[in-house]
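Reader: I'd like to learn how to read charged pairs in a model. Could you walk me through some?

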Amino acid sequence: MRVTRVVLAGAAVVALVGGCGGSSPHPPATASGTLEQLAARAACKPVVSTDSAELRQANCTTKDGRYVLATFATDRGQREWINEAEDYGGVYLVGRKWVAVGEQPVVTALHGRLGGSVETGTMHSGHH
């Protein structure tokens, strides 16, 4: 799927650098809504880079750092995207039909604003 590969390339650039950090002791209830609603809750003015029926993706920069925020039309589409993206490594904050990808400190800060669950990808060397 061409859209997935474009998204993965952007996410991989942001996700390649990792760091250390803890998670919020009491994250909020997992956020939901449109890309713009999630971005507002995360204190980001989104710069939309992909806008399709299946996937909307934006680049965000906040005081905590840069990340990619994506929303999905279906749970299945989201899981397929995450499964492919995690092969590139990185840290993912996952909610219902949305995901944020960034460095550990950024994802930790977002977790405090958006809730969700944190997943860590494993970078694989070689060709896919």
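Author: Let's start in helix α3, where arginine 76 and glutamate 80 sit four residues apart, about one turn of the helix. Helices (H or I, at least four residues) and strands (E, at least two) are DSSP runs, numbered from the N terminus. This is a predicted model, in which local features need pLDDT of at least 70 and side-chain atom pairs count only at pLDDT 80 or more, while totals for chains, interfaces and linings use all residues. Residues are numbered from 1 along each chain as its sequence is written, and side-chain values use heavy atoms, leaving out hydrogens and water.

Reader: What do arginine 76 and glutamate 80 form?

Author: Side chains of opposite charge can pair when their charged atoms come close. Here arginine 76 and glutamate 80 form a salt bridge, with the closest N and O atoms 2.9 Å apart. The term means a side-chain nitrogen of Lys or Arg within 4 Å of a carboxyl oxygen of Asp or Glu.

Reader: Which residue does arginine 79 meet in a salt bridge?

Author: Glutamate 119, at 3.0 Å from N to O. Because glutamate 119 belongs to strand β6 and arginine 79 to helix α3, the pair ties together parts 40 residues apart in sequence.

Reader: Is glutamate 119 buried or exposed?

Author: Buried, at 18% relative accessible area, whereas arginine 79 is partly exposed at 35%. Buried means under 20%, exposed over 50%, and partly exposed in between (1.4 Å probe, protein chains only).

Reader: How many salt bridges are there in the whole structure?

Author: Seven. Glu36, Asp51 and Arg56 are linked in a network of them.
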